[in-house]
4 protein chains.
Amino acid sequence: MMKLQWGMIGGGEGSQIGPAHRLGAGLDGAFEFAAGALDHRPKEGRAYGQRLGLAGDRAYGNWQEMLEGERSREDRVDLVTVATPNATHFEITREFLKAGFHVLCEKPMTMTVEEGEEIVRITRDTGRICAVNYGYTGYSLVRHMRAMVARGDLGKVRLVKAEFAHGHHADAADADNPRVRWRYDPAQAGVSAQFADCGIHALHMASFVTGQEVTRLSADTVSCIESRELEDDAMVNFRMDGGAVGRLWTSSVAIGRQHGLTIQVFGEKGGLRWAQEHPNQLYWMPLGERLQVIERGEANLSPEADRSTRVTIGHAEGMPLAFANIYSDLAEAIRARKDGREMDPAADLYPRAEDGLRSMAAVFAVAQSGKEDGAWLDARPPMFR
Amino acid sequence: MMKLQWGMIGGGEGSQIGPAHRLGAGLDGAFEFAAGALDHRPKEGRAYGQRLGLAGDRAYGNWQEMLEGERSREDRVDLVTVATPNATHFEITREFLKAGFHVLCEKPMTMTVEEGEEIVRITRDTGRICAVNYGYTGYSLVRHMRAMVARGDLGKVRLVKAEFAHGHHADAADADNPRVRWRYDPAQAGVSAQFADCGIHALHMASFVTGQEVTRLSADTVSCIESRELEDDAMVNFRMDGGAVGRLWTSSVAIGRQHGLTIQVFGEKGGLRWAQEHPNQLYWMPLGERLQVIERGEANLSPEADRSTRVTIGHAEGMPLAFANIYSDLAEAIRARKDGREMDPAADLYPRAEDGLRSMAAVFAVAQSGKEDGAWLDARPPMFR
Amino acid sequence: MMKLQWGMIGGGEGSQIGPAHRLGAGLDGAFEFAAGALDHRPKEGRAYGQRLGLAGDRAYGNWQEMLEGERSREDRVDLVTVATPNATHFEITREFLKAGFHVLCEKPMTMTVEEGEEIVRITRDTGRICAVNYGYTGYSLVRHMRAMVARGDLGKVRLVKAEFAHGHHADAADADNPRVRWRYDPAQAGVSAQFADCGIHALHMASFVTGQEVTRLSADTVSCIESRELEDDAMVNFRMDGGAVGRLWTSSVAIGRQHGLTIQVFGEKGGLRWAQEHPNQLYWMPLGERLQVIERGEANLSPEADRSTRVTIGHAEGMPLAFANIYSDLAEAIRARKDGREMDPAADLYPRAEDGLRSMAAVFAVAQSGKEDGAWLDARPPMFR
Amino acid sequence: MMKLQWGMIGGGEGSQIGPAHRLGAGLDGAFEFAAGALDHRPKEGRAYGQRLGLAGDRAYGNWQEMLEGERSREDRVDLVTVATPNATHFEITREFLKAGFHVLCEKPMTMTVEEGEEIVRITRDTGRICAVNYGYTGYSLVRHMRAMVARGDLGKVRLVKAEFAHGHHADAADADNPRVRWRYDPAQAGVSAQFADCGIHALHMASFVTGQEVTRLSADTVSCIESRELEDDAMVNFRMDGGAVGRLWTSSVAIGRQHGLTIQVFGEKGGLRWAQEHPNQLYWMPLGERLQVIERGEANLSPEADRSTRVTIGHAEGMPLAFANIYSDLAEAIRARKDGREMDPAADLYPRAEDGLRSMAAVFAVAQSGKEDGAWLDARPPMFR
């Protein structure tokens with residue numbers, strides 16, 4: 001099978017996100033790293049790209065150069081990943097989509113709801129793929145949770161409980177550290193800090209797993225470290241369009257928790273519990289029976305789980321493989337288009353521009369509700385109301 | 001050491017709570033079961049009391065008889081436990097306090113805030129002890145958490161996260177079962193179901209551990225099983241008088257959780273996590289260090305922990321011993337009064353009438369806030385505002 | 001129901017074992033503490049007994065006095081617990097049995113196999129109960145494991161894996177501490193240290209759970225701290241009379257393990273795993289299905305489990321209640337004899353003199369095999385070969 | 001950095017091991033898949049290789065063709081992975097080493113000790129790398145354990161406890177399934193089944209972590225399913241050349257355990273515990289202190305841990321990354337040779353031919369000891385005695 005050609009913007013030398021994307025894209029051999037504009041400093045970006053094996057004429061100095069260079073090639077890249085600073089996601093994504101490229105955009109997809117709506121309109125107009133990197137949904141057992149809910153194992157979902165709470169910004173003495181401070185500064189981070197950074201992963205996962213979208217929410221946002229203008233802890237209650245009640249806690253001052261992305265789903269006929277720190281086990285209690293441990297890789301799971309697992313039961317799989325599953329979905333989506341066939345429905349799980357837009361609407365609703373003493377607000381983007 | 005004399009009202013044959021109290025009171029040999037009015041049916045109560053070893057003249061037919069009988073005795077009981085149906089707690093507790101007895105009342109102490117205030121006034125006027133049975137605070141490591149916070153190990157407390165979520169009322173088919181239904185019926189249960197039944201344990205524990213009282217709260221209450229008038233799931237955000245932010249989740253439809261009483265406390269200098277299902281370990285991360293496991297019974301814990309532990313490290317202790325610790329506190333409190341000395345401060349931890357009153361104020365605030373879309377309400381009883 | 005009269009030898013002021021027995025015997029109200037010879041110093045023992053509430057004439061100065069005093073009383077004690085130093089267990093137990101008392105003897109029951117056989121013969125001749133305190137078998141879920149095996153849930157048992165490994169004697173600097181040293185000194189401890197102290201609990205549990213007796217064994221014993229003459233770590237392979245293979249590890253130098261009593265049983269049709277540190281969960285995987293969590297107190301467990309549980313599901317029970325279950329068994333056994341009826345078979349689980357004897361035979365076989373490079377030796381007492 | 005050229009023998013379509021190696025070799029972008037003889041059926045192998053992207057002239061029909069084809073090329077492969085059936089490892093590895101290639105051989109490296117010694121001699125004579133794929137040693141925290149022991153954190157190691165116990169061959173009804181049966185048939189599997197398949201991973205890990213080699217051992221081997229000629233369960237006691245005592249349990253009938261590779265190391269100054277199923281946490285108790293949780297990716301770990309970690313703390317890493325670390329070591333080793341420099345000592349951790357040989361000697365010693373009632377035998381290959 002011919003490899004697909006893949007390009008990247010951002011993720012320069014020393015970044016964490018660059019190697020993660022290259023690892024995810026390359027892991028199954030579906031994508032070949034073929035082009036890049038890796039650094040905001042043109043010279044450094046070109047040199048680093050070549051050290052990573054890019055041809056000299058495809059190691060670009062900036063995204064504009066890359067757009068020009070690639071759009072005119074026969075063998076232009078099949079997918080562009082945008083991993084630049086948050087404020088630039090919108091413009092780059094928009095321009096590449098308009099030029100007919102498929103895009104995988106790092107989260108947050110945009111800085112405003114209006115921008116998000118524009119991206120959604122462009123994807124609809126152009127028919128291009130715009131995926132957003134909610135990588136935690138790539139875990140095999142998260143996909144199995146979704147499949148279990150979808151096929152009715154839980155009955156009607158009553159309640160979703162999601163958490164993304166860590167303690168890595170808990171040190172008041174470190175609050176002025178520039179590496180931390182910008183996250184809590186509205187001038188740089190926008191209207192929300194911890195919810196926008198971590199909470200939206202948990203909120204997207206709640207939607208992903210239940211197959212329901214958030215309609216209304218009420219938020220209690222606080223800055224436990226007082227010098228911070230934006231929140232470092234938030235509790236969000238919400239309602240979903242299929243009737244589920246949601247509760248989401250996110251924190252960056254929860255000392256003792258390393259990562260703390262967990263999701264629990266409770267339905268009429270059973271309850272599920274999963275935690276990112278031990279992603280290879282899923283706890284399932286059917287109503288009136290005992291708690292069971294579902295193991296990643298066990299026999300007779302869903303097609304969605306089977307497709308997204310690579311090693312045998314009992315051997316741990318981690319985040320890089322979850323990430324790779326997003327790329328694997330995209331490879332299948334792109335190939336299906338090239339081949340003029342339907343894509344494998346078990347791969348049709350990558351997060352969409354619509355998800356990126358919904359997250360942005362939720363971020364603004366959380367920030368506003370937090371200011372209004374927890375007022376219940378519409379969490380939907382205007383175009384979906 | 002002479003045993004103290006102990007009496008009980010309620011807890012008749014077949015009840016769960018009766019044996020639990022007799023076990024707790026008798027476990028350390030501090031109390032002798034000396035009198036009782038165990039059943040609302042006088043004949044059955046007298047017979048059962050005698051089968052349990054009570055003298056014929058102290059196996060009473062009802063609480064009024066017992067009040068009359070005991071008040072006139074030289075060797076009258078030192079402590080009366082009230083474990084009757086909820087709606088009768090107030091009257092019985094009031095009358096025994098007024099007659100000069102010390103009382104341990106099952107929760108909820110009263111059905112209204114006004115009644116709660118009356119009990120507090122009586123205890124203040126009479127100088128009698130009125131304890132309320134929040135038994136989970138008796139666990140050795142819960143007491144150690146409190147001691148760690150009090151001595152400053154966590155610095156200023158920023159955040160408390162409490163949960164009491166189980167799935168034992170999740171079966172819609174069982175919702176009409178009278179054993180379950182009354183709990184969700186306002187005519188029998190009052191203004192709140194799950195919060196009043198379980199949530200107040202978690203809320204009291206948040207106060208117990210932080211040494212702070214709840215001032216304001218906002219609640220999101222839902223009935224996941226629609227036939228229920230009262231809530232089976234609630235999320236409560238709150239603020240405490242020492243500046244801590246609180247978040248409390250309680251549920252009876254969380255299938256897969258057996259008990260789910262957990263508490264996490266996050267301060268400037270570290271974070272703590274404890275769960276009732278594995279009560280012999282406490283997880284502690286000092287800021288910037290690694291997560292540590294504090295074991296019940298290890299050397300050099302606090303006096304509060306040492307006093308409330310009975311078996312060596314590595315051997316599990318469970319709920320009955322936590323319960324016994326409340327009785328042990330009361331025995332020390334009563335003996336100190338008899339001896340005219342100060343009581344051991346490490347035993348001065350039993351929940352007070354004031355705690356029972358605060359819980360009742362919180363119950364009404366939660367119910368009201370739930371009706372008002374999560375409005376922030378004063379959670380304090382009027383007499384403490 | 002009349003309380004049974006109970007007496008104790010040993011367990012003086014400051015001991016750990018004294019309070020544990022009083023708690024266990026008193027917990028269900030079946031036994032009344034009526035007589036004792038609590039200290040090897042007569043005066044102190046009498047005074048302490050009276051402080052604990054014994055009548056002056058039943059607070060004895062030594063066991064011989066107690067034997068004389070009690071044997072002549074109408075209301076003599078129904079059960080005598082022997083909790084004196086190990087070397088004295090045999091003589092005291094023998095004399096009380098001969099005088100017609102029922103006895104609960106602390107482990108080890110004797111110091112030699114010959115003494116053990118003598119005790120067994122006396123119990124058979126006199127018809128008296130001689131129980132040995134392997135208290136960990138009192139846990140509700142351990143009893144349920146036994147019931148599951150007995151009713152065939154696992155099919156034929158293939159393999160038992162038992163561990164009792166802790167790190168409390170791992171400090172070389174502490175090895176000369178008299179509190180530790182005597183345990184590793186043959187003059188005081190006999191032929192074995194760690195196996196005799198902890199290993200026999202695990203070995204007895206393997207027999208208790210499988211319903212099979214050990215026939216042959218091979219041991220690898222080592223002194224990790226070289227100054228010790230007796231072993232601080234041992235691995236024992238064994239075979240059982242029902243065909244099961246056994247593997248047992250015991251250690252006192254396993255730093256990081258607090259207690260480490262665990263048992264795993266693997267049969268043709270499923271596997272079980274239990275750990276003393278979290279005794280309220282039992283892990284069960286039926287062949288070809290998922291791992292399940294059996295909770296203490298859940299509905300529809302065995303009669304043996306139901307009888308030995310006191311608090312509702314989700315609330316922890318610990319070691320003191322396990323201990324109390326041994327006393328509860330004995331109370332039922334004694335009452336059944338008094339009433340001339342069959343005892344409840346679900347209570348007929350207390351460890352016997354035969355178990356104490358088998359342990360002693362295993363101790364000698366382990367010590368000998370350890371000296372003979374792991375030679376396989378008969379582990380049965382001569383009288384059972 | 002130029003990619004290294006990599007070739008593979010075996011791992012044809014439908015195999016599990018082929019994708020695992022391609023994933024591991026490709027994950028960091030250090031190796032390019034350039035040549036292969038993937039199937040014992042030449043036509044299928046050539047076609048599959050081309051589908052995987054190999055050039056037509058480097059998609060070989062068998063290993064002999066590949067040896068001829070590659071040895072004459074300028075751009076011959078830098079590393080050959082041998083992932084063929086066990087009985088062919090020796091011959092292929094030998095011939096490629098002799099022809100001057102570096103080799104990564106799947107385990108077991110050979111079927112006899114003599115063959116193993118021959119491989120070791122060839123590597124010494126030719127100076128070529130011969131690595132053996134004990135992939136579990138690639139986990140970041142396993143490498144950190146080794147570093148902690150090496151730098152003295154534990155003091156002298158007293159005891160190693162290793163387990164590799166699963167239940168995937170526990171179904172007697174499945175014992176005749178050809179997919180399972182061959183493993184227990186001496187004609188196909190050699191002298192040992194479960195120990196040779198899984199036990200040697202655990203034994204190698206014991207050596208890897210302690211930096212000590214096994215000298216003597218005693219084994220108890222059993223066939224729990226009676227129709228099996230070779231063992232499905234074994235307990236091995238051993239001694240190491242640095243004075244450590246070892247205990248190793250391996251089983252394929254332990255129903256309820258998925259994988260069960262765990263290692264515990266106990267030294268004078270502390271104890272460590274790690275389990276493959278949750279590989280991102282390492283439990284460490286320094287003598288006299290509390291149990292601590294070391295997290296993969298935390299700050300200030302060893303260079304060995306830092307080099308072998310790819311994602312941030314709190315995000316799980318799994319087996320594929322461990323596997324990739326072996327390839328990463330080899331890439332560094334090969335590059336250092338090309339560059340004429342010393343390799344990074346933190347990468348010098350890949351298992352050697354000597355390790356493969358030692359495993360084979362242990363396999364024969366275990367099989368023989370098992371037949372001789374657990375006799376203690378020399379576990380070293382003759383050339384290392």
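Tutor: Happy to! Keep in mind that this is a predicted model.

Student: Okay, let's start with chain A. Which domains is it divided into?
Tutor: Domain 1 of chain A covers 4-133, and domain 2 covers 137-310 + 353-378. Taken over C-alpha atoms, the centres of these two domains of chain A are separated by 27 Å.

Student: How many residues of domain 1 of chain A are in contact with domain 2 of chain A?
Tutor: On the domain 1 side there are 15, and they are in contact with 12 residues of domain 2. Helix H5 (113-126) and strand S5 (130-132) of chain A each give two or more residues to the domain 1 side.

Student: And which element gives the most there?
Tutor: That would be H5(A), with 6 residues. By class, the domain 1 side has 9 nonpolar, 4 polar and 2 charged residues.

Student: Switching topic: how many residues of chain D are in contact with chain C?
Tutor: Chain D has 33 residues in contact with 34 of chain C. Elements giving two or more residues to the chain D side include strand S6 (157-165), strand S7 (214-222) and strand S8 (233-240) of chain D.

Student: Last one, on chain C: is helix H6 mostly covered or mostly uncovered?
Tutor: Mostly covered: 9 of the 11 residues in H6 (residues 140-150) of chain C are buried. Among them are Leu141(C), Arg143(C), His144(C) and Met148(C).

Student: What follows H6(C)?
Tutor: Gly152(C) does, and its phi is positive, near 95°.

Terms used:
Residues are numbered from 1 along each chain as its sequence is written. Chains are lettered from A and ligands numbered from 1 in the order in which they are written. This is a predicted model: local features need pLDDT of at least 70, side-chain atom pairs count only at pLDDT 80 or more; totals for chains, interfaces and linings use all residues. A residue is buried if 20 or more other C-beta atoms lie within 10 Å of its own, exposed if 12 or fewer, and partly exposed in between; C-beta atoms are placed from the backbone. Helices (H or I, at least four residues) and strands (E, at least two) are DSSP runs, numbered from the N terminus. Two residues are in contact if their C-beta atoms, placed from the backbone, lie within 7 Å. Domain bounds come from an automatic or database domain assignment. Ala, Val, Leu, Ile, Met, Phe, Trp, Tyr, Cys and Pro count as nonpolar, Asp, Glu, Lys and Arg as charged, and the others, Gly among them, as polar.
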